[in-house]
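Below are some short notes for a colleague who is new to this model.

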Amino acid sequence: MREFVSLKVLDRFRALFERLGVDYPLMRKILQIKLTMDGRRMPTIFNQSAKKNRQETNDQNNFVKSLGLYALLGLTMVPFVVMGDNYMFQMSFVFGLLMFLVMTSLISDFSTVLLDIRDRNIIASKPVNRRTIGMAKTLHILLYLFFLTVALCAAPMIAAIVKHGVLFFLLFVVEIVLTDVLIVAVTAFLYMLILKFFDGEKLKDMINNVQIALSIAITVGYQFVGRSFDLMQLHIAFEPKWWQVFLPPLWFGAPFEWLLRGQAAPHFIVFTLLAFVTPIVSILIYTNLMPFFERSLQKLANDGAKKGREHSRWLDVVSRFVCSGREERTFFRFGSLMMGNEREFKLKVYPSLGFSIVFPFIFFFNVLRTQPFSEIAASKWYLNIYFCALLIPTVVMMLRYSGKHKGAWLYKTMPLSSPAPIFRGTIKAFLVRLFMPVYLIESAIFIALFGARIVPDLIVVALSVLLYTVICFRAFRKALPFSESFEAVKQNDGLIFLPLLLLLALFAGVHLASTFVTGGVYAYMALLVVLNAVVWRKGFSISWDNVRDKG
């Protein structure tokens, strides 16, 4: 089994652990196994990456690789550390970003440690004392937080000591430690609260949603790296308000003003006391509540009542409106439920929804920095809404994958002459459940920005997307929906994405050209209606022979 440098460091404190009643050799072995498993687990930050094969994945330490990406994210904090001498603003922002990244990472990738019931069920049933198990779990959490925090804060700490000196650096380090302590306590309290009133399924759903949010935040965060430097020219004055006592990042920004700059205003003193006292009190409370927490974790052993047929009435109404036959309605409903309930599918696909919401506005705000709003509102920048269709190739490709793919044998039992209703119903379910909410939200915002004049253009975009979806379906390898494992994702599928993205750009280009011709938008709209009628009828004509081996 692999040896770890962190364990060699712990060996120097063996006598201390043994004086505390810990069976050190056994604790070390438990930690070694846990750290080995950490290296094999695929972090959320990599969830969009294609896997090569399981053996290669197991041979790599994915946790160490993820630290490199977290170190790059830490660069976003450097401009705020060095931007000037407004410590309250600078360090409040730094600690706000740090707390967000550490807490979301802790929830998304390390919940298996905080919520681990295997120690209780497997190790505790052996002749291992609870103090040894508890110390192994505590050290595991601390080691994870240490490596994650060092990766995130390495660049800001170097910038701090170079720009502001040793005292600033030492205070920064102390507050980083206090921040980690507070995050562990708050995360544990959040889990306790959920487990108090809900079952384990609710907690698992929450963790899945945080994983999705982290994936979106990681991608969107890169967009703000360059923009961070624009703040260096701003002069920001802090105005204290009573409600700011509920904002922990401000607590950790205040000590820099009071202790280093001598700003002894009452609000700075109160925030400083909160920064130093709250983490210590929180971890003491957490320690006292640990027995209750361990008992609550037993709920995770039970999946709880299975989710019923969510939104069944709504799905029935919509399926009758958008589907042409009973078989198609059946698979529309099936696809909708799979997309809404399967956690692994949501983790792989839902971040694309976030990207589709954000990207049109990122480009819009880029233009807003160089042109007045009135000029933009009269322009054709509303065609940025085509960026919301970037998710379509990804989702259409991922519809064939599932964490429960072994149930695909059911396809073989169905007396269907053609798989067309299966594909058509599932694709329509995707458009209704995932794409249309995104598109309608963005359309409402764009109408507010550009006026009702763009309504015909929005209809053209919707028709273009319908046609584009079928083309994407025809471009990818055919396999029955949810019939393959996510581990079977092929890297060569990615080669199809570039032509499809260029095709989307072509749709936008033709749309733009039609706006320069009187009545051109309406003529293009009529053409798209005809093409959609033909393509949606003929585009799913596939024989069972093309997909039978996947069913």
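Which residues in α22 meet which residues in α23?

1. This is a predicted model, in which local features need pLDDT of at least 70, side-chain atom pairs count only at pLDDT 80 or more, and totals for chains, interfaces and linings use all residues. Residues are numbered from 1 along each chain as its sequence is written, and side-chain values use heavy atoms, with hydrogens and water left out.

2. From α22, the residues Asp457, Val460, Val461, Ser464, Leu467, Tyr468, Ile471, Cys472 and Ala475 meet Leu500, Leu501, Leu503, Leu504, Phe507 and His511 of α23 (contact means heavy atoms within 4.5 Å). By class, this contact has twelve nonpolar, two polar and one charged residues (Ala, Val, Leu, Ile, Met, Phe, Trp, Tyr, Cys and Pro count as nonpolar, Asp, Glu, Lys and Arg as charged, and the others, Gly among them, as polar).

3. Helix α22 spans residues 455-475 and helix α23 residues 497-514 (helices are DSSP runs of H or I, at least four residues, numbered from the N terminus). Their axes lie 11 Å apart, at an angle of about 155° (axes are lines fitted to C-alpha atoms over the stretch in contact, and angles run from 0 to 180 degrees between N-to-C directions). The two helices are therefore roughly antiparallel (angles over 145 degrees).

4. The largest cavity has a volume of about 130 Å³ (a cavity is a set of points on a 1 Å grid over the protein atoms alone where a 1.4 Å probe fits but cannot get out, and lining residues have an atom within 4 Å of a point; volume is the space filled by probe spheres set on the points, which are joined across faces, edges and corners). Of its 13 lining residues, the closest to the centre are Val396, Leu399, Phe423, Phe473 and Ala479. α21 gives the most to this lining, with three residues.

Methods
Parallel < 35°, antiparallel > 145°, perpendicular 65-115°, else oblique. 1 Å grid on protein atoms, 1.4 Å probe; cavity = no way out; pocket = protein on both sides within 12 Å on 5 of 7 lines; lining within 4 Å.
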